[in-house]
Amino acid sequence: MVYKRIIRPLIFYWSRDDPEKAHELGIKFLYYMGKYEIIADLIEKLITVKDRRLEAEVWGLIFRNPLALAAGFDKDGIARYGIQSLGVGFEVIGSFTQHEQPGNIRPRTKRFPEDKAIINRMGFNNPGSDNAALELANKRKLSVPLGISLGKSLKTPIENAVEDYLYSLRKLYLCGDFFIVNISSPNTLNLRELQKKEYLKNILIRLQEEIEALTEQYGTKKPLLIKIAPDLTEEELDDILDICLELEIDGIVAVNTTTSREGLSAPTHEEGGLSGKPLWPKAIRMVRYIDTYTKSQIPIIAVGGISTPEQAREMLEIESVKLIKLFTAFAFEGPFIIRKINEGILKQT
Ligand SMILES: Cc1cc2nc3c(=O)[nH]c(=O)nc-3n(C[C@H](O)[C@H](O)[C@H](O)COP(=O)(O)O)c2cc1C
């Protein structure tokens, strides 16, 4: 109530020319909250919904509940302790690329409050995987599983994409509990080409081989997932799913932002990927399709337009869906959305 009536209007007004300012403020707040362990623990105890019915076990990892903030929220991984205090069941940080990069010129996000949507063209602004590894190394471990999203540096040509992913995987292997190969951001030139079977199979084979080598070296095997776009044709999606089945990929994150503008109440020339409410119909349709096509054999992390307990429930009722993530709803509904959705899921069970 206080967030929606007072805090949100103030923050939205202050950041009207560059909504990323609001995001930065949120990250700063979560960073400081997480920095002081006693405060973070106390808030976590107060906010987290604890109930065995929410728990999930996937890839041998235990999740206290199925909900997380999606990749791109904590791009640098610096707010992870604060985010944990909000009661999430797991976290995903990044996407990290081999090279540090600033991303596109600001402003590069736009809010559409009447449609509960955002268009972003961030372009993988991130500290690079060397710096990310420094940030993550030798710090206190999160009490929830940590996923690390891997992207491709803008300056790496598409033919060498796999080297970029491999570099980050090696650098960050010991820092995360599972890895997501992001081949579906619309904001890095040609990145989505990597979803084509000619590229995809090779990339996944090379990454799997590397994981095998790293498993031998460190004695711990980490799951590998891919994140896909909602704008694939049925044929392209079938190809991807065939490859995932053949290679026994550990999981699929569906979906990334869309290049479609369907569901927005007014036309816009804003470039980038659309997220939030308009994405929901595409996300649920695609997740259902994947579940049917793969005969529920591949675990899915569902993401795209989720903002209510009913939507969360609808996703979780699909057999392959083990976990869910959200991003845009956090911007519109505020920090208690994790608690609200977890409570709502319980009410419906
Ligand atoms: C500002 C912004 C930045 C994002 N950055 C990333 C990213 O770095 N990597 C990634 O895999 N997805 C990124 N995403 C996509 C989200 O992870 C998510 O897939 C998408 O927003 C759909 O979920 P939502 O409708 O709940 O926001 C970003 C989304 C937004 C709005």
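Helices (H or I, at least four residues) and strands (E, at least two) are DSSP runs, numbered from the N terminus. This is a predicted model, in which local features need pLDDT of at least 70, side-chain atom pairs count only at pLDDT 80 or more, and totals for chains, interfaces and linings use all residues. Residue numbers start from 1 along each chain as its sequence is written.

**Exercise 1. The ligand shell**

Find which helices and strands each supply at least two residues of the shell around the ligand, then sort the shell by class.

*Solution.* Start with the count: 27 residues surround the ligand, and the closest are A70, G72, S275, F327 and T328. Here a residue is near a molecule if its C-beta atom, placed from the backbone, lies within 6 Å of it. Next, look for the elements: β6 (117-120), β11 (273-276) and α11 (328-333) each give at least two shell residues. Finally, sort by class, with Ala, Val, Leu, Ile, Met, Phe, Trp, Tyr, Cys and Pro as nonpolar, Asp, Glu, Lys and Arg as charged, and the others, Gly among them, as polar. The shell then has 11 nonpolar, 14 polar and 2 charged residues.

**Exercise 2. Helix α8 and its partner**

Check the span of helix α8 (residues 234-247), then describe how α7 and α8 pack.

*Solution.* The expected span of a helix is 1.5 Å times one less than its number of residues. For the 14 residues of α8 that should give 20 Å, and the end C-alpha atoms are 20 Å apart, so the two values agree.

Now for the partner. Two packed helices are described by the angle between their axes and the distance between the axes. Axes are lines fitted to C-alpha atoms, for helices over the stretch in contact, and angles run from 0 to 180 degrees between N-to-C directions. Helix α7 (residues 197-218) packs on α8 at about 25°, with the axes 10 Å apart. The pair is therefore roughly parallel, a label for angles under 35 degrees, while those over 145 count as roughly antiparallel, 65 to 115 as roughly perpendicular and the rest as oblique. The contact brings together K197, L200, K201, L204, I205 and Q208 of α7 with D239, I240, I243 and L247 of α8; two residues are in contact if their C-beta atoms, placed from the backbone, lie within 7 Å. By class, these residues are 6 nonpolar, 1 polar and 3 charged.

**Exercise 3. Backbone exceptions**

Locate two cis peptide bonds and a residue with a positive phi that is not a glycine.

*Solution.* Most residues other than glycine have a negative phi, and most peptide bonds are trans. Step one: the bond from G94 to S95 is cis, with omega near 15°, and S95 is in strand β4 (residues 91-96). Step two: the bond from R106 to P107 is cis, with omega near -5°, and P107 sits in the loop between β4 and β5 (109-112). Step three: N190 has a positive phi of about 70° and lies in the loop between β8 (178-182) and α7.
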